[in-house]
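The entries below follow the order in which I looked.

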Amino acid sequence: QFSRIAALDFTRDRKLMSVLATRKGQSILFTKGAPEAVLQRCTQALTNGKGAAEPMNDAVRNALNDRLQKFARGSLRVLALAMRPMPAKQATVSPDDERDLTFLGFVGMMDPPRTEVARAIATCRSAGIRVVMVTGDNKTTAEAVASQIGLGDENFTAHLGAHPASLLARKTHEALDANGVPVTGIMFPPSKSFQGLEFDEMSELRQLEAVANMTVFSRVEPQHKSRLVELLKAQGHVVAMTGDGVNDAPALRRANIGIAMGSGTAVAKHASDMVLADDNFASIVLAVAEGRAIYNNTKQFIRYMVSSNIGEVVCIFIAAALGMPETLCPVQLLWVNLVTDGLPATALGFNKPDRDIMRQRPRRPNESIVDKWLFVRYLVVGLYVGLVTVGAFAWWYMAYAGGPGLTWTQLTSFEECVEGAHNYSCDIFGKKERRPSTMSMSVLVVVEMFNALNALSENGSLVTHPPWSNPWLVGAITISMALHCVILYVPWLATTFSVAPLTYQEWRAVLWFSFPVILVDEVLKLISRRFKGRLRFLMARGDLIPRSMSHQS
C-alpha cells in the first residue's frame, strides 16, 4: 500500500531507523528502534480507548513503561514503533524529522538462549572462569536472559537448579509481577548489572570496581567493549571477547583472545584470533576443556621423559661412583631412548582429560610448566629408576642363584680381579657375560613402562585413571615390550645389543624391581592431592618444610 521514498539507517547513537513512505499523496515517516529512544521522541500515543492519538502525558508514559518492563522481564527483545505525518512533497529524511512522533506499539521478539548454555555457564563457574554478558539490549531484558541461563546466580548449577535464596527472589518477582507492580533488577543487585551510560558517568576508580563485579553490561557502545577489555586486563585477567560486527573489531583486537562468530562480518573475523563456526557459547567451554587437556598431556609427556632420563643418568653415575662395572653400554641406552621410550611418550598425547579438569582453577599466565614440587617428583621417581637399575645389576652378581654370588667388596673392586685367585673367572665382569647388563636394561625398560602408566594423570590415581582409559598407551607399551623381547631372544640381535635371554626367575626379579615405581608415584600423587595448596606455598618460599620446623630440628 505504501511506496518507499527515503530511509534513514540505524545508528548506535540514535538507536533508531526511519522510512519515509507515501500512499495516495500522503507522506508518513515510520520509525522503529529502542523503546527508550522512540518514547523520548513521542508526543502522542495511539490508544485503544478512543481509537485515536492522545497526548503523551505522564499517565500514558508510565503505563507504556510498565508494559515495556513486563515484556522485558519475559526475556523479550522489544522494539517500539511510531509514525509522523510529513509534507506531501518531501523526498528526503533527516534525524531532525524524528520528533513529535505518535507512538503505535511495542513488538516483542523471543530469542531464547540455547539449552546447553546454562550448563556451559555452570561449568565456567566451577572452572574459575568469569562470564560477563555484554549486549546492546535493554537492561531488564538482559537481566532476564541472564537469569534464565544462571548467569546472575553464583550458586546456579545446570543439574541442581538454583540456590534457595535465588528461588525466593524469583517467587517474589513473580508475585509482584502478578499484581502489576513493575520490578527491575531484583535478580541483579546494583553491583552486578550496569548500562553503558551509567558506566560513562563513573570515575575511573568506580569503573574498576564495577568491572570487578559486573555480570551484565547492557546498552553498550563499541567503545564500552574496548574499555571493558582494557580494565579487565589491567586487573590481571586473561580476557576472551566475542563479537560479530565491524564495530566489535577494536575490542576483539585488544582482547587476549578475540573470538568472532562464524556468521559475523569479515572485519570481525580478521580482527579475531579464532572463529566460532557454530556461534555456540558452549563450544568455547569445550575448547577450554580441550586446551587444558592438551596442556596437561604436554606436562605428562615432559614428566615421563624427564624422570626416565634422570633415571638413566643416576644409573650411570651411581655405578661409576661405587666402582661397579658398566651397567649399560651405549647401544643399549640408545635403544631405550629412541625405540622403547618413544612409543609410550607419543601415546601420552592421547590421555583422556581428568574428570575434574573443569573444576580446577585457572593457572597463572606466568606459571612455569614444571613447578618446584613437580620437579621434586621428577627427581624422586628418577632416583628410584636409577637405583633399581643399578640394584638389578648388583642382584645378579650377589644374590641370584644362577650368578657368581660375589660379595659387595668383590663387585666394587672388580678392576683388581686376578684370574685364578678366586673361585670365579674375571671374565664375568667383561662383555662375555651379558646377563647382568641385560638385567639392568630390562629393569630400565619395564620400570619406564610402569612409569608411563603413572603419567596417565598428573595427580589422579591409577584407580580412577586405569590403563585402559588410554588404549593407545596400552598398545604402545605392548609394542615396546615385544620389541624388547625380540632383541633378547633373536640371537643376532642379542649379539648386536650385547644382551642375553632371561630366565623365568630373572623376569620375576625384573618385575619385583620395577613395579614399586607405581607405589612411589601414587604416594607422591596422594601428597599432591591432600596438600596441594600448602606445597605451592612452601615451594614459592623455596622451603620444603616450614621454617619453624627446621629451627626445631
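I began with D279, which I found in the loop between strand 13 (274-276) and helix 11; helices (H or I, at least four residues) and strands (E, at least two) are DSSP runs, numbered from the N terminus. The phi of D279 is near 55°, a positive value in a residue other than glycine. D279 is partly exposed, with a relative accessible area of 26%, where buried means under 20% relative accessible area, exposed over 50% and partly exposed in between, with a 1.4 Å probe and protein chains only.

Before going on I noted that this is a predicted model, in which local features need pLDDT of at least 70 and side-chain atom pairs count only at pLDDT 80 or more, while totals for chains, interfaces and linings use all residues. Residues are numbered from 1 along each chain as its sequence is written, and side-chain values use heavy atoms, with hydrogens and water left out.

I then turned to R219, in the loop between strand 10 (216-218) and helix 8 (222-234). R219 also has a positive phi, near 50°, in a residue other than glycine, but at 14% relative accessibility R219 counts as buried.

Strand 9 and strand 10 pair in the parallel sense over three bridges, and F194 stands opposite F217 in strand 10.

Next I looked up the open sheet of seven strands, whose order is 1-2-3-6-7-4-5 with mixed pairing. Here strand 1 (3-11) and strand 5 (53-55) stand at the edges, each with a single partner strand, so one side of each is left without a neighbour in the sheet. The twist averages 30° from one strand to the next. Strand 3 (residues 26-33) and strand 6 (residues 76-86) pair in the antiparallel sense over seven bridges, and L29 stands opposite R84 in strand 6.

Which residues of helix 3 are buried? I listed V117, A118, A120, I121, A122 and C124, and these pack against helix 11 (281-322). R119, also in helix 3 (residues 117-126), is partly exposed at a relative accessible area of 48%. Helix 3 is followed by G128, whose phi is positive, near 80°.

Last, I checked the largest nonpolar core, which has 62 residues, with Y304, Y397 and M439 among those with the most contacts inside it; such a core is a set of buried Ala, Val, Leu, Ile, Met, Phe, Trp, Tyr and Cys residues joined through side-chain atoms within 4.5 Å. Helix 14 (residues 372-398) gives the largest share of this core, 13 residues. Leaving aside neighbours within four places in sequence, V517 is in contact (heavy atoms within 4.5 Å) with V381, Y384, V447, F450, N451 and N454. A second, separate core of 21 residues includes V220, V239, M241 and A255.

Methods. Two strands pair if DSSP finds at least two bridges between them. Axes are lines fitted to C-alpha atoms, for helices over the stretch in contact, and angles run from 0 to 180 degrees between N-to-C directions.
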